[in-house]
Amino acid sequence: MCGIVGYIGPKEAFPVIIKGLKRLEYRGYDSAGIALIKDDLMLYKKKGKVADLEESVLGKELQANIGIGHTRWATHGEPSDRNAHPHLSNDGNLTLIHNGIIENYASIKQELSNKGYTFSSDTDTEVLLNFIQDIKLNEKCTLEEALRIALKRIVGAYCILLMDKNDPSTIIAARKGSPLVIGIGKGEHFLASDATPIIEYTKEVVYVNDYEIAIVKADELILKNLGNEKQTPFITKLDMELAAIEKGGYDHFMLKEIHEQPSTIFDCLRGRLLPQIGEIRMSGIDNNLEKLTSAKRIVIVACGTSWHAGLVAEYMFEELCRINVEVEYASEFRYRNPVVNEGDVIIAISQSGETADTLVALESAKEKGAFIFGVVNAVGSSIPRISHAGAYTHAGPEIGVASTKAFTGQLAVLSMMALRIAQAKGTISNERFIHLMKELEAIPEKVQDILKDTTHIQVIAEKYMNATNALFLGRGYNFPIALEGALKLKEISYIHAEGYPAAEMKHGPIALVTEELPVLFVATKDSYYEKIVSNVQEIKARKGMIISVATEGDQIIPSLSNDTMFVPETDEILAPLLSVIPLQLLSYYVGVKKGYNVDMPRNLAKSVTVE
Ligand code: F6R
């Protein structure tokens, strides 16, 4: 939520920051702003996208070698020019951008109002800024010291960049809970919420830790903790190419990322899945085999699409490893005082590795003695850093707000985990183990088959694009895919859609079925096939419009359906890796045909760093 960029060095700061904000726009895109310092402070803010900000400053004074910029996902206060960041302190000297939430802002605001401070926005950020100004004045201390005192008093999450117009050689940054990366150039520094704005200038970065303050000058980076002790910056080399964060000829990132899946799944399996020698090698698992195989219970915590991957994993782990699995919405798990026993394994699934709900759930489970295993896409993000062990999904940067390739990466990692643990526990026969490894190895090629020709899916999208509601139904391994299909359609095409286990229909939702309601069945050939055929019949008898995802060669499901999207055959455990692909495409094409911005759907943001 919210993208943050800062620059200090010999370059013109404005173009570096604007370009960086465009790269971070997936994190929030309801307003944007920039502050630059030369002889004076220049502050420009605009409701809308970064491009609107850019247009609004044409012809204005923009020359500076230091600046900070922000693209916002509103929390406190509607999207508007005045609520956009950066904010300005009452004395006109300080300017601040912030990603996160200051939970006790109301009481601080009251305190400041009593002292005569006024506020020109509804944000918690402006409160924090004036709080810092007030401490600086009262304590007669440096800005750095005032910030340190303020941070000790606030409750919440933040990544902030702060500048003083009287010190045009310093950006002060701090983080707790929201990410911050500092790029180290030659006589220059770049600051950002993730590495994408930095990658074209330098590959050397420092991931700032929680409770650290960075004092950043063109040729100097000092890291300190809140106790004012210097910390040694740990420099990491970025393993990412510029091409990975560009559209590469596709109309949208979402389409590019859907089409990348044969190679991202392949990359995820590479070096880990070795059917030729009958082995799965994953260091995060191998080094913790005893903990994982002796676990009485696995709790999977995640949100959204990642939670759907968790549901698929529940079926896999229970079937293959015979371990009791619970899948929890991270936000609910954290706050309902769950029973967590020593020896429990918590698997956190997250694309961004920064989702606040998942992070806080992990922190509290860790305190209670659970073993934390992260399945994460974003390398160097917060979840891997607080996990005891983990496995990256290696899908590369996912920029489209709707998760696609990260989801199939999660499924690939979770399949390998389930297989490896089952093998170690002896709950799978060698024959089945080898069979499933071979099937998994064949998945990238089968995904490629589905993507070869999408014309048919585009026709279906055109036919149903004006629907106002849709139902997605599946059973067994395809039930989570029904949920995921419904979520994708909702977020990308704004069509109200619900996912259900197909058998649940008759317990209520079937009342919704009319001739106008598209009912989408995920009905590939598996052990539930006969049952789902009956469910399809039940909808057909009530004249619902049936769209299905079926296995190539199947005759029955297509004969009952108005439209069918085919996927190649595979073992039912791995079916989700294939059956989700047509649903991703369907949502994409419906969204595009309706003229929506599929990469940045309304009200959403990638990387949800507020609870
Ligand atoms: C939907 C989507 C979200 C995320 C959710 C969790 O397409 O992307 O539902 O899956 O916000 O995010 P991560 O996986 O980053 O923890």
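Start with the shell around the ligand: its residues split into five nonpolar, eight polar and two charged. Here Ala, Val, Leu, Ile, Met, Phe, Trp, Tyr, Cys and Pro count as nonpolar, Asp, Glu, Lys and Arg as charged, and the others, Gly among them, as polar. Bear in mind that this is a predicted model, where local features need pLDDT of at least 70 and side-chain atom pairs count only at pLDDT 80 or more, while totals for chains, interfaces and linings use all residues. Residues are numbered from 1 along each chain as its sequence is written, and side-chain values use heavy atoms, with hydrogens and water left out.

Which residues come nearest to the ligand? Of the 15 around it, they are Ser 306, Ser 350, Ser 352, Thr 355 and Glu 491; a residue is near if one of its heavy atoms lies within 4 Å. Domain 2 (247–452) and domain 3 (453–611) each give the shell at least three residues, with bounds from an automatic or database domain assignment.

Now for the polar contacts, meaning pairs of N or O atoms within 3.5 Å. An N or O atom in the Thr 355 side chain is 2.4 Å from a ligand oxygen, and a polar side-chain atom of Ser 350 lies 2.6 Å from an oxygen of the ligand. Ser 403 uses its backbone instead, with a polar atom 2.9 Å from a ligand oxygen. On its own the ligand has 400 Å² of accessible area (Shrake-Rupley method, 1.4 Å probe), and the protein covers 87% of that. Helix H10 (304–321) and helix H18 (479–493) are the elements that give two or more residues to the shell; helices are DSSP runs of H or I with at least four residues, and strands are runs of E with at least two.

Follow the chain past H18 and you reach Tyr 494, in the loop between H18 and strand S24 (496–501). Tyr 494 isn't a glycine, yet has a positive phi of about 60°. Another backbone detail is the cis peptide bond from His 85 to Pro 86, with omega near 0°. Pro 86 is in the loop between strand S4 (66–72) and strand S5 (87–88).

Key. A polar contact is a pair of N or O atoms within 3.5 Å; within protein, one must be able to donate a hydrogen and the other to accept it, and residues adjacent in sequence count only if both atoms are side-chain atoms.
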